[in-house]
Amino acid sequence: FDLLKHKLGTLRITQKSGKWIAQISVTIPTGEGTGLKVMGVDLGLKVPAVAVTDDEKVRFFGNGRQNKYMKRKFRSVRKALGKKKKLNAIRKLDDKEQRWMKDQDHKVSRAIVDFAKENKISIIRLERLANIRQTARTSRKNEKNLHSWSFYRLSQFIEYKAKLVGIKVEYVNPAYTSQTCPQCSVRNKAQDRKYKCECGFEKHRDVVGAMNIRYAPVIDGNSQSA
Ligand SMILES: [Zn+2]
């Protein structure tokens with residue numbers, strides 16, 4: 001309700017799945033920070049997000065195992081309903097799954113931005129995803145595209161929540177962010193979850209991703225669009 005103290009725009013009322021939804025646009029001034037503290041965020045499946053600040057604070061977000069479990073659960077219920085040809089129930093279940101996933105993205109993005117705020121971060125860097133345009137359109141066709149789509153949505157949530165508190169989001173070139181050793185710059189492939197380099201550097205592979213994303217080249221036209 002705090003948001004309603006700002007300049008209000010159009011109110012729209014819609015009905016969806018038997019529920020009334022009121023949407024109102026609000027104009028909020030976003031003072032962009034002038035600090036230089038950077039945080040890299042790596043998005044993934046096993047670990048939904050890992051953040052590393054430029055003073056090496058690490059935080060893991062979300063629960064990949066739980067996400068996988070929920071997905072499997074939804075799938076098995078859907079299959080049972082399919083056998084009984086309960087199409088309406090399947091539609092409702094799909095809506096429920098969508099809402100659940102969206103809610104997870106809201107929680108993870110909220111936690112990431114809160115962590116950035118706590119650490120007085122001015123810039124959050126994320127990987128720019130490839131072929132979003134195509135991915136959005138074919139998102140239901142295969143798992144990989146579906147994943148890209150969910151990374152895209154999570155990125156968007158992080159971006160707008162960050163903006164509201166004056167933190168800028170920049171997108172970087174994803175090339176080699178998971179392979180380059182943050183200590184000596186040699187490229188290695190991570191073995192399973194662990195990243196090891198002959199220089200002695202050793203860390204969780206997603207932490208390495210986030211470390212490299214912090215300082216990877218920023219792509220112009222910061223925002224990505226679908
Ligand atoms: Zn190394």
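Colleague: Where is F1 found?

Modeller: F1 sits in the segment before strand 1. Before we go on, this is a predicted model: local features need pLDDT of at least 70 and side-chain atom pairs count only at pLDDT 80 or more, while totals for chains, interfaces and linings use all residues. Residues are numbered from 1 along each chain as its sequence is written, and side-chain values use heavy atoms, with hydrogens and water left out. As for strands and helices, they are DSSP runs numbered from the N terminus (helices are H or I with at least four residues, strands are E with at least two).

Colleague: Is F1 buried or exposed?

Modeller: F1 is exposed, at a relative accessible area of 88%. The cut-offs are under 20% for buried, over 50% for exposed, and partly exposed in between, using a 1.4 Å probe and protein chains only.

Colleague: Which residues form the nonpolar patch on the surface?

Modeller: The patch is made up of F1, L4, L8, L11, I13, W20 and I24, and together they have about 840 Å² of accessible area. Strand 1 (7-16) and strand 2 (19-27) are the elements that give two or more residues to it. Strand 1 has the largest share, with 3 residues. To count for a patch, a residue needs over 30% relative accessible area and no salt bridge; nonpolar side chains (Val, Leu, Ile, Met, Phe, Trp, Tyr) are joined within 5 Å, like charges within 9 Å. The areas are Shrake-Rupley values with a 1.4 Å probe, and for residues only the protein chains shown count as cover.

Colleague: OK, new topic. What are the protein donors of the zinc ion?

Modeller: They are the SG atoms of C181, C184, C197 and C199, lying 2.3 Å from the zinc ion. Donors here are N, O and S atoms within 2.8 Å of the metal (3.2 Å for Na, K and Ca), and water is not among the atoms, so sites may look incomplete.

Colleague: Why is the arrangement tetrahedral?

Modeller: Because the 4 donor atoms subtend angles of 105 to 113° around the zinc ion. Four donors count as tetrahedral if all angles lie between 85 and 135 degrees.

Colleague: And how are the donor residues spaced in sequence?

Modeller: The spacing is C-x2-C-x12-C-x1-C. C181 is in the loop between strand 7 (168-172) and strand 8 (194-196), and C199 is in the loop between strand 8 and strand 9 (202-204), so this pair links distant parts of the chain, 18 residues apart. C181 counts as buried at 1% relative accessibility, whereas C199, at 33%, counts as partly exposed.

Colleague: On to salt bridges, then. What does the count come to?

Modeller: The count is 11 salt bridges, where a salt bridge is a side-chain nitrogen of Lys or Arg within 4 Å of a carboxyl oxygen of Asp or Glu. One of them pairs R193 with D206, with the closest N and O atoms 3.2 Å apart. R193 is in the loop between strand 7 and strand 8 and D206 is in helix 5, 13 residues apart. R193 is partly exposed at 28% relative accessibility, while D206 is buried at 9%.

Colleague: Which residues do salt bridges that share partners join into one network?

Modeller: R78, D94 and E97. Within that, R78 and D94 have their closest N and O atoms 2.8 Å apart. R78 is in helix 1 (residues 64-83) and D94 in helix 2, so the pair ties together parts that are 16 residues apart in sequence. R78 is partly exposed at 23%, and D94 is partly exposed too, at 26%.

Colleague: About helix 2: how far apart are its end C-alpha atoms?

Modeller: They're 47 Å apart, which agrees with the 46 Å that its 32 residues (87-118) should span at 1.5 Å a residue. The expected span is 1.5 Å times one less than the number of residues. Its buried residues include I90, L93, E97, V108 and F115. K120 follows helix 2 and has a positive phi, near 55°.

Colleague: Last one: how many residues of helix 5 are buried?

Modeller: 9 of its 11 residues (205-215) are buried, which leaves helix 5 mostly covered. Among them are D206, V207, G209, M211 and R214.

Note on methods
Four donors count as tetrahedral if all angles lie between 85 and 135 degrees; four count as square planar and six as octahedral if opposite donors are over 155 degrees apart and all others between 65 and 115; anything else is irregular.
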